[in-house]
Amino acid sequence: METIISPSILAADFNILGQQIQEVEKSGAKYLHIDVMDGVFVPSISFGMPVIASIRKNTKLFFDVHLMIVEPIRYVEEFAKIGADMITFHLEAAKGHVEETIDKIHSLGCKAGMSVKPATDVSEVIPYMEKLDMILIMTVEPGFGGQKYIESSTEKIRRMRRLLTERGLATDIQVDGGITADNVSVVKEAGANVIVAGSAVFKGNIVENVKKLL
Ligand code: DX5
Ligand code: ZN
């Protein structure tokens, strides 16, 4: 499977965000990972609609929006409107209306991704697998950039890939959290093909850093 790098702007310098996104475009990364946090589902608050709408005017990169918010269905329409290409929500945050959330994202013309926290078993994704365009296996506890990769994630990625393959599905598996040039080959080998990286891309030379992850 083709490896796609999705730099997370959570680690960007917001003073020069536009410039750094231009660097990402030059680097060969195809996605831009956009972390939205509500201070409820996760302890911190990141940024929201005005930021996304304004960077949309500046780039053609694929907007990979990672919603760390409770009851994501309330906002998917707005995220689609301001230019999200893929909307990934957390299974734990959408209990009771998971299918409805996936269907709504698709009806808005976006790709639908589902994310699971480190403590959530991958078997919980099985009922929705056929409908999803991407499954995000969190490799750190969501909420903050710059954390260390949780080693047990490797086995989780491997299991998720096996579950998909057994059903004849070639769905994208995304990993997010603590990915560096040193461990990227481990997650790829386990079956991940969409690689999120914040600190490992934005600290230092963006173009060089992305090359090391490809
Ligand atoms: C964490 C976010 C990540 C974060 C990754 O909750 O979902 O996307 O930006 O940052 P790094 O790559 O620095 O761990
Ligand atoms: Zn993320």
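**Notes on helix packing, salt bridges and buried residues**

1. In the contact between two helices, Gln20, Glu23, Val24, Lys26 and Ser27 of H1 meet Ile206, Val207 and Val210 of H8, where contact means heavy atoms within 4.5 Å and where helices (H or I, at least four residues) and strands (E, at least two) are DSSP runs numbered from the N terminus. The residues of this contact divide into four nonpolar, two polar and two charged; Ala, Val, Leu, Ile, Met, Phe, Trp, Tyr, Cys and Pro count as nonpolar, Asp, Glu, Lys and Arg as charged, and the others, Gly among them, as polar.

2. On provenance, this is a predicted model, in which local features need pLDDT of at least 70 and side-chain atom pairs count only at pLDDT 80 or more, while totals for chains, interfaces and linings use all residues. Residues are numbered from 1 along each chain as its sequence is written, chains are lettered from A and ligands numbered from 1 in the order in which they are written, and side-chain values use heavy atoms, with hydrogens and water left out.

3. As to geometry, the axes of H1 and helix H8 (residues 206–213) come within 8 Å and cross at roughly 40 degrees, the axes being lines fitted to C-alpha atoms, for helices over the stretch in contact, with angles running from 0 to 180 degrees between N-to-C directions. That angle makes H1 oblique to H8, given that angles under 35 degrees count as roughly parallel, over 145 as roughly antiparallel, 65 to 115 as roughly perpendicular and the rest as oblique. The crossing of H1 and H8 is right-handed, that is, the near helix is turned clockwise from the far one by less than a right angle.

4. Within H8 itself lies Asn209, which counts as buried at 10% relative accessibility, on a scale where buried means under 20% relative accessible area, exposed over 50%, and partly exposed in between (1.4 Å probe, protein chains only). Not counting residues up to four places away in sequence, Asn209 touches Ala200, Val201, Phe202, Lys203 and Gly204.

5. The structure holds eleven salt bridges, each being a side-chain nitrogen of Lys or Arg within 4 Å of a carboxyl oxygen of Asp or Glu. One of them joins Glu2 to Lys30, with the closest N and O atoms 2.7 Å apart; Glu2 belongs to the segment before strand S1 (4–7) and Lys30 to the loop between helix H1 (17–27) and strand S2 (31–37), so that this pair links parts of the chain 28 residues apart. Lys30 is partly exposed, at 45% relative accessibility.

6. Glu77 and Lys104 form a further salt bridge, at 3.9 Å from N to O, which links helix H3 (residues 76–81) with helix H4 (residues 98–107) across 27 residues. Both ends are partly exposed, Glu77 at 41% and Lys104 at 30%.

7. Glu99 and Lys131 also meet in a salt bridge (2.9 Å, N to O), and because Glu99 lies in H4 and Lys131 in the loop between strand S5 (111–116) and strand S6 (134–138), the pair ties together parts that are 32 residues apart in sequence. Glu99, Asp103 and Lys131 are linked in a network of salt bridges.

8. Finally, Thr88 lies in strand S4 (residues 86–90) and counts as buried at 0% relative accessibility. Leaving aside neighbours within four places in sequence, the contacts of Thr88 include Asp64, His66, Met114 and Leu136.
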